[in-house]
Amino acid sequence: MCSLKEIHFLEFIPHRYPFLFIDKVISFKKKFYLKSKITLNSNKFFSGHFPNYPVFPGVYILEAMMQSAGILIGKSNFNVLSKKKIYYVTFIKSAKFKKNVFPNETIYIKIFFLNNFNNFIKFKGYAFVKNLLVCEAIFTLYIKSDF
C-alpha cells in the first residue's frame, strides 16, 4: 500500500514493490539535489543474505540512490519529452561502502546532479544511517524514451 507521498513520486520511476527502495522523498531542489529515505524491515532481502548476520546488500543501496536520481530527473523536468521513459545505469565510479546496514535501520539518501549530455545524466550520491556515511558513488543514468 502506498502513502500519499509515495504516490506523488511513483509517477517518475517504474519501480514497484518489492523492488521499490524509496519510502519517502524528504526534500528536493529542481536540477540540484534530492533527499529521500528507506526504512528497512526484516523482509526477504535479509532472509537469505548472510542469514546469521543480516546485512542489507550494497548493490541495493546503490539501487536506492539510482531510484532517487530517477525521481530527481522526473521532478526536475529534464528535457525528456516522452512520458514513457526508463533509466539505465551506464556508469558507476568510485562506489565506496563504508559501513554495514542492518534490518530496522533507516537509510537517508542524498543525490546531487552533476551534469548532463543529451540523455546521459551524471550524479553523486551519498547514503547515511544515523548520520554516518555508509555509501557514496558517482553514477550516470541514460534516459531511454518511448520504450
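This report describes the sheet, the helix across it, and the side-chain contacts of one predicted model.

## Basis of the description

The model is predicted, and local features need pLDDT of at least 70, side-chain atom pairs count only at pLDDT 80 or more, while totals for chains, interfaces and linings use all residues. Residues are numbered from 1 along each chain as its sequence is written, and side-chain values use heavy atoms, with hydrogens and water left out.

## The sheet

An open sheet of 6 strands has the order S1-S2-S4-S5-S6-S3, with antiparallel pairing; here two strands pair if DSSP finds at least two bridges between them, and strands (E, at least two residues) as well as helices (H or I, at least four residues) are DSSP runs numbered from the N terminus. The edges are formed by strand S1 (24–29) and S3, each of which pairs on one side only. From one strand to the next, the twist averages 25 degrees, where axes are lines fitted to C-alpha atoms, for helices over the stretch in contact, and angles run from 0 to 180 degrees between N-to-C directions.

Within this sheet, strand S2 (residues 33–39) is joined to S4 by 7 bridges in an antiparallel arrangement, with Ile109 in S4 as the bridge partner of Ser36 and Ile111 in S4 as that of Leu34. S4 and S5, also antiparallel, are joined by 9 bridges, and Asn115 stands opposite Lys122 in S5.

S6 has antiparallel bridges to two strands, with 10 joining S5 to S6 and 10 joining S3 to S6. Phe139 in S6 stands opposite Phe123, and Phe139 in S6 also stands opposite Ile92. In a regular strand the side chains alternate between the two faces of the sheet.

In the hairpin of S4 and S5, which has 2 residues between the strands, Asn118 takes a positive phi near 55 degrees. S5 and S6 likewise form a hairpin with 2 residues between them, and in that turn Lys130 has a positive phi of about 50 degrees.

## Helix H3 and Lys75

Helix H3 lies across S1, S2, S3, S4, S5 and S6, and runs at about 50 degrees to S6. Lys75 lies in this helix, which spans residues 58–76. With a relative accessible area of 14%, Lys75 is buried, a word that means under 20% relative accessible area, whereas exposed means over 50% and partly exposed lies in between (1.4 Å probe, protein chains only).

Leaving aside residues up to four places away in sequence, Lys75 touches His8, Phe12, Phe28, Lys30 and Leu34, contact being heavy atoms within 4.5 Å. One of these residues, Leu34, is the bridge partner of Ile111 in S4.

The structure holds 2 salt bridges, each defined as a side-chain nitrogen of Lys or Arg within 4 Å of a carboxyl oxygen of Asp or Glu. Lys98 forms a salt bridge with Glu136, and their closest N and O atoms are 3.5 Å apart. Lys98 lies in the loop between strand S3 (85–97) and strand S4 (106–117), while Glu136 lies in strand S6 (residues 132–145), so the pair ties together parts that are 38 residues apart in sequence.

Lys124 also forms a salt bridge with Glu136, with the closest N and O atoms 3.3 Å apart. Because Lys124 lies in strand S5 (residues 120–129) and Glu136 in strand S6, this pair ties together parts that are 12 residues apart in sequence. Glu136 is buried at a relative accessible area of 12%, and Lys124 counts as buried at 16%, whereas Lys98, at 48% relative accessibility, counts as partly exposed.

## Aromatic rings and charges over them

The structure holds 12 aromatic pairs, in which rings of Phe, Tyr and Trp (its six-membered ring) have centres within 6.5 Å, with planes under 30 degrees apart counted as stacked, over 60 as edge-to-face and the rest as tilted. Ring pairs link Phe32, Tyr33, Phe112, Tyr126 and Phe128 into a cluster.
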